[in-house]
Amino acid sequence: MRRVTALPAWLRWPLYAGVGIFVLTLVETLDDTDRLTSASASQSMLRWGVPVLLAGLGGLFAERAGVVNIGLEGMMILGTWFGAWGAVNYGPWVGLLTGIGGGALGGLLHAVATVLFGVDHIISGVAINILAPGITRFLASEIFTGYPGGSITQSPRVPGVGHFTFPVLAGGEVGGWLSPNLLGSLGDRDWFFVSNVANLARGLLTQVSLVTIVALALVPLSTWLLWRTRFGLRLRICGEHPVAGEAQGIDVYRYKITAVTMSGGFAGLAGAFIASPELSGIYLEGQTTGRGFIGLAALIFGNWHPVGVLGGALLFGYPFGLGLRDLGGTASHSLLLVNAVALAAIAAWSLSKGRRTNAAVACVLAVVAAAWYLLSETVPDWWVNILPFAIVLLVLVFFAQRLRMPAADGQRYRRGEH
Amino acid sequence: MSALRRLVLALAAPAAAVGFALVTSSLILLLIGSNPLVAYGDMLEHASKLETLVDILNRATPLYVSGIAVAIAFRMNLFNIGVEGQFLLAFLVAAHAGSLVSLPAALHIAFILVVAMSVGAAYAGAAGVLKVTRGVNEVISTIMLNAIAVSGLVAWLIKEWQAGGSIGTGTTTRVGTAPIDESGLLPDLNGVLELVTRDLRPGKELTGVLVLALVVGVVYHVLVNRTVFGFDLRASGFNPFAARVGGVPPKRMIILAMSISGAVAGLVGMAELMQSGYFPSNPIQGLGYAGIAVALLGRNHPVGIAFGALIFAFLDVSSGVLQFSGAAPREIVVIMQGVIILAAVVAYEMAHRARNREEARSAAAALHEARAEA
């Protein structure tokens with residue numbers, strides 16, 4: 001197969017999104033619903049995507065420096081407790097900082113174990129995932145039980161930072177002036193595809209938490225930091241070929257430790273976000289529900305690149321957000337058809353690449369999804385919970401050749417051994 | 001290096017880890033104004049009672065099996081992070097399947113165990129197949145399969161197979177799968193225990209799965225250290241390329257190792273199943289992750305894992321006595337477990353380096369001597 005032209009990244013992702021929305025619109029028309037492309041769907045997608053995005057970015061920094069971080073989940077748990085504690089005592093912004101600090105402490109622990117002591121990355125990560133819930137439970141039993149409304153398993157209400165609605169585009173009020181709502185009026189027109197895009201865009205621009213804006217800003221910021229600065233270049237050398245870095249006079253240990261600590265900070269911010277009113281408004285034991293692992297999944301889905309991580313986070317946030325407002329399971333049911341279409345597309349793509357087995361497997365899965373769609377009225381609530389994990393497994397099965405992790409990722413490195 | 005020195009080095013690391021955990025938790029307890037000595041005293045005093053020992057053994061049994069499951073994969077440098085999902089799924093399916101049939105006792109028990117092991121083996125084997133055919137790292141795939149099992153398959157099947165009812169005389173309500181007939185349950189070991197000590201307080205029983213766990217430990221030891229398969233397994237873990245050159249089929253070994261690991265993982269839930277007779281709607285969780293910790297602590301050695309399981313079980317059971325006596329917050333034991341495991345892996349790594357240095361030194365000395373003689 002000859003590649004005609006490769007699209008630049010800034011064009012490729014919007015194109016993927018456009019195709020995705022188009023499929024959603026088609027399915028919506030077929031299924032006679034308006035849930036899939038409503039403003040609230042994209043709003044909750046963003047809200048649920050943010051923790052996954054932040055955890056994924058955390059994983060990105062660690063793995064780009066060559067340290068696998070499956071302790072993200074534990075660091076996120078630390079973030080929920082410290083975030084809630086800081087927010088309850090000193091206000092929402094401080095809460096974000098303490099959340100970052102709590103996660104970064106976990107990251108530092110992982111860094112010291114893996115980099116200085118050479119412990120296997122997976123083992124250290126597992127140990128941190130075991131330690132972190134113990135620490136938060138202990139801290140909660142010591143501190144939150146003394147607060148009104150607090151207990152071993154939960155904190156008092158956590159205050160949140162403000163929201164922002166983009167004027168002109170999505171309406172809202174600016175100093176008493178009622179702004180027009182361009183996207184809203186466009187969305188009400190019922191124009192095929194155009195209105196759907198407008199609705200989804202309006203959801204992304206309405207009542208956006210300031211933390212969400214920060215989190216989204218971290219995507220280009222991470223790209224710039226990792227690919228456009230000296231710091232980033234050196235950090236990536238540590239993940240690709242640490243011995244070469246050493247030969248260049250780079251202090252590999254320092255870069256790895258910095259990267260993994262930053263990684264923990266990202267995961268901690270994700271935890272603080274989960275505890276903030278954006279998602280829960282309270283610290284609750286066990287509230288991360290494996291989202292650190294989903295962040296890891298987003299990292300793999302995004303091929304170790306910030307924009308890809310964002311794509312993965314939104315993709316995983318979408319069914320969660322949809323499933324949450326969908327107690328009857330009808331909207332998630334429509335998703336089955338989307339799954340079938342996506343799998344059929346994978347089958348066609350595999351066939352065009354001459355991968356017959358892949359095509360057959362994808363075809364069978366597509367038929368299963370389609371049959372399930374046709375034979376049922378609703379889907380159970382667990383379906384959206386496993387969708388992110390299933391998607392990543394499928395991506396790994398079908399696109400493993402297109403994924404490239406940092407060359408020295410997960411390997412032990414000791415100074416002066418080579 | 002002498003065998004004694006080797007043993008001292010091997011034991012020094014876990015001892016140091018436990019010591020470090022004691023120091024850390026003592027400092028924490030002092031910081032919050034509790035007396036660590038009183039707390040430890042309470043824990044030890046409580047643990048010397050027969051009933052508590054039974055509790056510890058009951059708790060250690062599934063931990064041990066879980067640790068062995070993880071260790072089998074570890075011996076081949078494979079990480080089976082998914083024991084949690086494998087055991088929950090196997091537990092659920094075995095409980096349901098066991099409740100559907102009625103067979104003579106031995107057959108019934110064997111049937112349940114075979115179902116549990118098959119489910120675990122199939123689910124873990126899937127990760128092996130993915131690794132072999134698609135090159136998917138087993139850490140990633142077991143994490144994903146774990147989540148799919150725990151929040152997907154188990155959540156779904158428990159709703160499908162839910163059967164309300166009551167236990168025994170009907171005072172306690174049971175929420176979970178339909179109960180298994182008495183013939184499918186392993187008898188408890190109270191009789192054996194009474195032979196050597198005294199009668200247990202009514203309501204307490206020592207799980208019969210303990211025997212099964214010991215069998216699993218022995219089989220693990222024999223399989224890994226005394227069979228060709230075990231040799232191939234260790235060789236593949238030590239140096240996959242050399243093993244391949246030596247005629248060990250790497251793909252088959254990966255699938256086999258993962259499947260066996262999963263089969264053992266399938267037995268983790270049996271301790272609870274054989275006692276209660278059904279899969280509860282809120283089953284015990286975290287045994288899979290704790291198994292990883294226990295396997296690490298025990299250095300994949302059948303006896304070491306037993307010690308690891310006993311330490312973790314002792315700490316788990318002690319949290320109850322701390323709450324009762326009020327000497328310290330019970331949550332301190334979870335921190336101790338976490339610190340022990342983290343300190344242990346660091347200590348093992350340091351011991352490993354110390355051993356390497358020592359070997360290098362003694363080799364250099366021997367070389368020097370040989371030269372001087374020549």
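**The contact between chains A and B**

Visitor: How many residues does the contact take from chain A and from chain B?
Guide: In this predicted model, local features need pLDDT of at least 70 and side-chain atom pairs count only at pLDDT 80 or more, while totals for chains, interfaces and linings use all residues. Side-chain values use heavy atoms, with hydrogens and water left out. With contact taken as heavy atoms within 4.5 Å, the numbers are 41 residues from chain A and 39 residues from chain B.

Visitor: What area do chain A and chain B bury between them?
Guide: Buried area is the accessible area (1.4 Å probe) that two parts lose on being put together, summed over both. Carbon and sulfur atoms carry 80% of the area here, and the figure for chain A and chain B is about 3,500 Å².

Visitor: Which side chains meet in a salt bridge?
Guide: A salt bridge requires a side-chain nitrogen of Lys or Arg within 4 Å of a carboxyl oxygen of Asp or Glu. The count between chain A and chain B is one. At 3.0 Å, N to O, the partners are R412(A) and E349(B).

Visitor: Which helix gives the largest share of the side of chain A that touches chain B?
Guide: Helices are DSSP runs (H or I, at least four residues), numbered from the N terminus. At least two residues of that side come from each of α4 (92-116), α5 (121-142), α12 (291-301) and α16 (382-399) of chain A. The largest share, 14 residues, belongs to α5(A).

How values were computed. Residues numbered from 1 in each chain as written. Chains lettered and ligands numbered in written order.
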